[in-house]
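Hi everyone, thanks for coming. Let me walk you through a structure that may be new to you.

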Amino acid sequence: MKLELKIEGMTCNSCSNAITKRLSKFDFTSNIHIDHEAGTGVLEVTDPVEDHKEQVVKAIEQIGYKVVQ
Ligand SMILES: [Cu+2]
């Protein structure tokens, strides 16, 4: 399922790259597109979606960015 997140705190390419790299480590994510200019993150996660979404949000926040709904 496709997740669309609003992410605060990204200022440049290395921010979006850091998030992409972190989320790629999960085996349930794919097609990760993080855009620092738009402040968005779009990716696919497998079931169970709610659990995986929670892990994605937690991982983004652990590296210093904030997910707003
Ligand atoms: Cu940056």
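First, a word on names: helices (H or I, at least four residues) and strands (E, at least two) are DSSP runs, numbered from the N terminus. Residues are numbered from 1 along each chain as its sequence is written. Please keep in mind that this is a predicted model, where local features need pLDDT of at least 70, side-chain atom pairs count only at pLDDT 80 or more, and totals for chains, interfaces and linings use all residues.

Let's begin with the strands. I call two strands paired if DSSP finds at least two bridges between them. Strand β1, residues 2-8, runs antiparallel to β3, and five bridges join them. In that pairing, Leu3 stands opposite Leu43. β1 also pairs with β4 in the antiparallel sense, over three bridges, with Glu8 opposite Lys66 of β4. Then β2 and β3 are antiparallel too, joined by five bridges; Ile34 has Gly41 in β3 as its bridge partner. These two strands form a hairpin with four residues between them, and Gly39 in the turn has a positive phi of about 70 degrees.

Now the helices. Helix α1 covers residues 13-24, 12 residues in all, and its end C-alpha atoms are 16 Å apart, which agrees with the 16 Å it should span at 1.5 Å a residue. The expected span here is 1.5 Å times one less than the number of residues. α2 has 14 residues and reaches 20 Å from its first C-alpha to its last, close to the 20 Å expected.

Which residues of α1 are buried? By buried I mean that 20 or more other C-beta atoms lie within 10 Å of a residue's own; exposed means 12 or fewer, partly exposed is in between, and C-beta atoms are placed from the backbone. The buried ones in α1 are Ser16, Ile19 and Leu23. Seen down the axis of α1, they fall within an arc of 60 degrees, so they line one face of the helix; the arc is that of the directions from the helix axis to the C-beta atoms. The face turned away from that side carries the exposed residues Asn13, Ser14 and Ser24.

What do the buried residues of α1 pack against? Their partners are β2 (29-35), β3 (40-45) and α2 (49-62), where contact means C-beta atoms, placed from the backbone, within 7 Å.

That brings us to the core. A nonpolar core is a set of buried Ala, Val, Leu, Ile, Met, Phe, Trp, Tyr and Cys residues joined through C-beta atoms within 7 Å. The largest one has 11 residues, including Met10, Leu23, Val45 and Ile60. α1, β2, β3 and α2 each supply at least two residues of this core. Leaving aside residues up to four places away in sequence, Ile60 touches Ile7, Ile19, Tyr65 and Val67.

I'll finish with some backbone details. Most residues other than glycine have a negative phi, and most peptide bonds are trans. With that in mind, look at Asn31 in strand β2: its phi is positive, near 50 degrees. Asn31 is exposed, with 9 other C-beta atoms within 10 Å. Next, a cis peptide bond joins Asp47 and Pro48, with omega about -5 degrees, and Pro48 sits in the loop between β3 and α2. Finally, Gly64 follows α2 and has a positive phi near 105 degrees. Gly64 lies in the loop between α2 and β4 (66-68), and with 11 other C-beta atoms within 10 Å, Gly64 is exposed.

Technical notes: Two residues are in contact if their C-beta atoms, placed from the backbone, lie within 7 Å.
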